[in-house]
Amino acid sequence: MWGETFDDFESEERELAVAKQNFMHEPANMNFTFPSLPLGIQPVEFMNSHFGATAAKNMKFRKGTTTLAFVYEPATPADKGGIIVAVDSRASSGEYISSKSVMKILDIGDRMVATMAGGAADCQYWTRIVAKYCTLYELREKTPITVSAASKYFANALFGYRGKGLSVGSMVAGYDKKGPQIFKVDSDGDRCSLKVCSVGSGSLNAYGILDNHYKPKMTDEEARKLGLRAIMHATFRDSGSGGVCNLCHITPTEKIRLPPMDVSKLWYEFADELGRDIVYDPRE
Amino acid sequence: MSIMSYTGGTVVAMAGDECVCIASDLRIGEQMTTIATDEKKVHKVSDKVYVGLAGFQSDAKTMLEKILFRKNLYELRENRKVRPQILSEMISNLCYQHRFGSYFTEPLVAGLDDQNKPYICCMDTIGCVSAPRDFVAIGTGQEYLLGVCENFWQENMKPEELFEATAQSILSCLERDAASGWGAVVYTITKDKVNVSTIKSRMD
Amino acid sequence: MDTMREEKRNAIPAIGYYPQEEISTGTTLIAMEYNGGVVVGTDSRTSAGSFITSRATNKITPITDNLVVCRSGSAADTQAIADIAKYYIETFSMMENENVTIYRATQIFRQFLYNYRDSLSASVLVAGYDDKLGGQLYALPIGGFVTRQRSTASGSGSTFVQGFLDSKWRPDLTLEECKAIVKQAVGLAVFRDGSSGGVVRVATIDKTGTKLELFRPDKPGFPSVAPPKGHLSFPDHIEQSV
Amino acid sequence: MSNFTGITATMNPLAEMAQFKQNMREVAASPEWRTSKLIERQRWNPYSMEGGSTAAISGDNFAIVASDTRMTQNDINILTRDAEKIHVLNDSIILSTSGFYGDVIQLRKVLQSRLHKYRFDYRADMSADLCAELLSRNLYYRRFFPYYTGAMLAGIDENGKGAVFSYDPIGCIERLGYSASGAAEPMIIPFLDCQIGHVTVAEDYEKPPLTIERAISLMKDAFRGAAEREISTGDKIHLVIAEAGKPIVQKFLPLRED
Amino acid sequence: MVSTEVKNVAAHMDMDRGGAFDFSNCIRNQAMCKMGAKAPKLTSTGTTIVAVSYKGGLVMGADSRATAGNIIADKHCEKVHKLTESIYACGAGTAADLDQVTKMLSGNLRLLELNTGRKARVITALRQAKQHLFNYQGYIGAYLLIGGVDPTGPHLYMCSANGTTMAFPFTAQGSGSYAAITILERDFKVDMTKEEAEKLVQRALEAGMHGDNASGNSLNLVIIEPKETVFKGPIVPEFCKRPEPNDLVYKFKTGATKVLKNKTFKYDIIESMDISH
């Protein structure tokens, strides 16, 4: 590389050149090693003591969320069917809401998305790595990558860092030659294909609504309403979710991103719909 | 997670011209899940004296019973209504009695005394009284409220103005605090009436 | 002669206990018996960690006219023990209408220092004069036991002057010689020990009672120590002074 | 299936209750005041918190960044009254970081060297969005020994709009209208929510538009409020104003010094 | 006319067990903290307190900032506590302990003055504080400067939380004391006049407040002399004032907040609070 020709280095100055190269250039990813802690210090325990529960409010990593995705067939020919992916938009660190408007549906290809749950920075970074791999794959193989291959690459990448404290709970959803697919990928390295799936601190609430109203055959309108409703209930009950609900509808032909809907407005509409008076009546 | 944010909850009190506003959120939770959304943290002690108890709600409820008990005894012995200054002294002694095993709740007293002069004060868990003349805040949203009230509070505000300033302060705080929210109630105490209003806030 | 192990208490947030640096008298106590009484010398520095809380404390606490106790270790413990023992000694002497002997006073000190030895960190020297045994000097180190000594040193500064004391001690010392040795010993200890310093206080206890003297560093009479001159650290063409 | 609840104690209530009873027995047997006399081994801590806070607001054609200039040592003594937390990297990018000052300087060096290399390679200045992505990646490269900083990058992006990017210590990037970081962040952010985001007022209430004058006064008032209530914020406000098409203006305004 | 049953029922209620501490929650709190939860922050006065004795008496001063963690809990808290007419105590450390210990001391000294008919002495206040604090082995975090004038002349003592006491001509306590003590060491002269002493204390306090984060806002002075004691109320030094007022005024007109429900409780305005009729 240009470093060597500039002037001649002996051997120990070579590491300096490599270190400088790492420092200056974009490290090629697979043989890139993260700088590690001194010997004997466990990364997980170190992270917890400096960035975990006892850390300063704004020094904690951004976490907590609710994401869901489900596959459905069109009930009437007018509908398009496919996959509904719905997420909330709050990133909270401990009890402090560090951001109210995080976009948690990250694009992988033009027909595939990945959702962000658990560590926000981890998901953002590793989704970009998978997106880079998918575009290179498409250029090399000249056919769009299948969802299972993309999610397999994602799981393998995360498997390499097991036990080092990464926190990722992502759903890779997309439409490919095998039809609509959703793969759930965890930072523990496990990956499974599901029809209905929800990840995050509000996932228990979301599952309640999904299991109740989910039908394999639904109209588009019904499916979108179910996605919104599940996220709204999750944000009502779970303090780690909130903000706006972003919804993405992947149809066999294209990927539609709906405008964000304020979750609190959804709740008041839901209350009017049921005619329930949810407003607290003031007393002594 | 700190013990004080196990159940969450925030209370703020602001003093104006012969009027006092005290506001609280309505959430009770267990760490991340919300259990109840209609639990106010402000309790009436006497006509024009209210006490706010944020922090660990099981201790707050125990503390409320002890406070009401001591207030009733005081009124039986002294044959007159309790003034906020006296109530805050009583609560401070009650907290300090548990100096080495404190109740995980920070009390706040707000009210008008017999000359209708506003009095507000807040304490830490072992009863160190701080009684400024402008505003006090306790609970998980304390830092957010202090930052906002610092700019929203003006001298000698009229009851309506004071209500708006308190409402805006607690709403801005609930915007950023995951452990409190789900509605807010604001009490405006003036010399002849107490106006209680539930304000529209985010439910996430 | 004992060294205090540095004992730092941690905070216990559950019960709201956030301790600051404990005030301890690092200190140097030198005492020497002569026929007719005892000479005691101390420094006057009390430090909390590296901060000198007071540079002129009096560590020679008079208990009665001819009984004095020199305190070292945790200032709080030694002050409390000295107060309590003084109270007992005064009550006994009032009840029995005669002065308490030095030995009995020492036993009173030993009682407290031994019974509470796991929560106290105190080492004291009891020096006094009474008609029965004349000038006596008792050392009560950390363990809480009593030993009668002719010449002893205690506190963190004492380690530096043991050799000096052994070389100087002779059985029939006069008062003047004793005072000179004690003063010089304290001067040497102050010179070497970081947690000793300030003025030098010398007390003489004999038949007539206790006489306190104070020697200030900026006034004549302060024990002077002349260490050898250091070598120059830079090559000699550079102008420098030792 | 490990659910990402984002909180430490993910035990179910029964296990939690059993653990609590076990703790009660242990504490009753050997309370902390008896055992706490031992000197605890010093745990290695590579970070320290130099206090101070920064904030940034972006409008349609401007971006302003402000920070206080006090550097404190473990929350008590003041090291300097004019520490520089805002670094103008080039005429359209301003980096402002708070937190451990060692990492603040290291981040500035990393970004400056990459910008310098970019200028060498492409003979053009890096734009704000590019630099923002670069900072996010570089923060993440130290994922297992992170920079202990709350970084923020502000500037004018390619099509002349004001931009503020906020980060968490390991590089989760997000473009916002306004953001803050550092010790007084919890006090500044709700104030900006109310005054810029207008999230708390009723829908029909009048919402003044965000002009540059209003943004500058809001920033000054936010820091004055923070200096009143936070012990490590004070001395001077370092205000940096970047307007599309105009050179970057830097101002120093007085703050309380106690 | 409280009936006797209520009296003896009230007597043994947990109303007050003779003012002793109640340790019932102690074990529970420690078990909860072992579960990994953080204990709440206590208000502590980081503080700068200074005291200087001069020819005729004593000047004591303190700043007025109480902090909880890095938040200022109280901007004008009272740190110069009055024990008796001519004995004052300034305190640093845990704020609640200071208030309660000084309240106890002033109560006991007042009773002593009433019983003995003589003005209380500073050494009595010191001895009571010292024995109380030693009993609790430093767990009551009160670091006091007790100073005053009594028939034997002006006295100034320092009493630390674990019971160490020392006498001083001048001293400073608290986290800002490092800055304050340097001013005192440089400018203290033995027999100063009242004005010199007052100015010296003010300069030392301002040094502490300016250099230390946990002290500030305003300073209170008390000048104690045999004949009279002067308490100088909050003095706000130049650097503690807001250099510039706010640019904008944040006034919300009515209707800024959407009120969903509203209820009003009316009271007839009663002049006196007496409810015995």
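Student: Which residue is the bridge partner of I199(B) in β14(E)?
Tutor: That's V259(E). Keep in mind as we go that this is a predicted model.
Student: How many bridges join β12(B) to β14(E), and do the strands run parallel or antiparallel?
Tutor: Seven bridges join them, and the two strands run antiparallel. In chain E, β14 covers residues 259-266.
Student: And the whole contact, how many residues does it take from chain B and from chain E?
Tutor: Chain B puts in 50 residues and chain E puts in 54. On the side of chain B that touches chain E, the elements giving two or more residues are α1 (57-78), α2 (84-97), α3 (142-152), α4 (159-176) and β12 (193-199).
Student: How do the residues on that side of chain B divide into nonpolar, polar and charged?
Tutor: You get 20 nonpolar, 14 polar and 16 charged.
Student: New topic, chain D. How many helices and strands is that?
Tutor: Six helices and 12 strands. The C-alpha trace of chain D spans about 70 × 50 × 45 Å along its principal axes, and 51% of its 258 residues count as buried.
Student: What's the order of the strands in the open sheet of chain D?
Tutor: Five strands go β10-β1-β2-β11-β12, with antiparallel pairing. Strands β10 (178-182) and β12 (249-254) of chain D are at the edges with a single partner strand each, so one side of each has no neighbour in the sheet. On average, and ignoring direction, neighbouring strands are turned by 15 degrees against each other.
Student: How many bridges pair β11 with β12 in chain D?
Tutor: Six, in the antiparallel sense, with β11(D) covering residues 236-243. To pick out one pair, H238(D) has F252(D) in β12(D) as its bridge partner.
Student: Which helices pack on that sheet?
Tutor: One of them is α5(D), residues 185-197, which touches β1 (53-58) and β10 of chain D. Its direction makes about 170 degrees with that of β10(D). Helix α6(D), residues 212-229, also packs on the sheet, touching β1, β2 (62-68), β11 and β12 of chain D. The direction of α6(D) makes about 15 degrees with that of β2(D).
Student: What about α1(D), is that one buried or in the open?
Tutor: Largely in the open, because the number of buried residues is one out of its 17. Helix α1(D) runs over residues 13-29. At 1.5 Å a residue it should span 24 Å, and its end C-alpha atoms are 24 Å apart, which agrees.
Student: Okay, what's the phi of R123(D)?
Tutor: It's positive, about 50 degrees, although R123(D) is not a glycine. You'll find R123(D) in the loop between α3 (101-122) and α4 (128-141) of chain D.
Student: Why does R123(D) count as exposed?
Tutor: Because it has 7 C-beta neighbours inside 10 Å, and the cut-off for exposed is 12 or fewer.
Student: And Q137(E), where is that?
Tutor: In the loop between α4 (122-135) and β8 (142-150) of chain E. Q137(E) isn't a glycine, yet its phi is positive, near 50 degrees. With 17 other C-beta atoms within 10 Å, Q137(E) is partly exposed.
Student: While we're in chain E, what's in the hairpin of β4(E) and β5(E)?
Tutor: Two residues sit between the strands, and G69(E) takes a positive phi near 70 degrees. Strands β4(E) (66-68) and β5(E) (71-74) pair over three bridges in the antiparallel sense. In one of the pairs, A66(E) has D74(E) as its partner.
Student: Last one, is G174(E) buried or exposed?
Tutor: Buried, because it has 28 C-beta neighbours inside 10 Å. G174(E) is in the loop between β11 (170-173) and α5 (177-187) of chain E. Leaving aside neighbours within four places in sequence, its contacts include T45(E), G46(E), A92(E) and S215(E).

How values were computed: Residues numbered from 1 in each chain as written. Chains lettered and ligands numbered in written order. Predicted model: local features only at pLDDT ≥ 70, side-chain atom pairs only at ≥ 80, totals over all residues. Contact = placed C-beta atoms within 7 Å. Helix = DSSP H or I, 4+ residues; strand = E, 2+ residues; numbered from the N terminus. Nonpolar A, V, L, I, M, F, W, Y, C, P; charged D, E, K, R; others polar. Pairing = 2+ DSSP bridges. Buried ≥ 20, exposed ≤ 12 C-beta atoms within 10 Å, placed from the backbone. Expected span 1.5 Å × (residues − 1). Axes fitted to C-alpha atoms, helices over the stretch in contact; angles between N-to-C directions.
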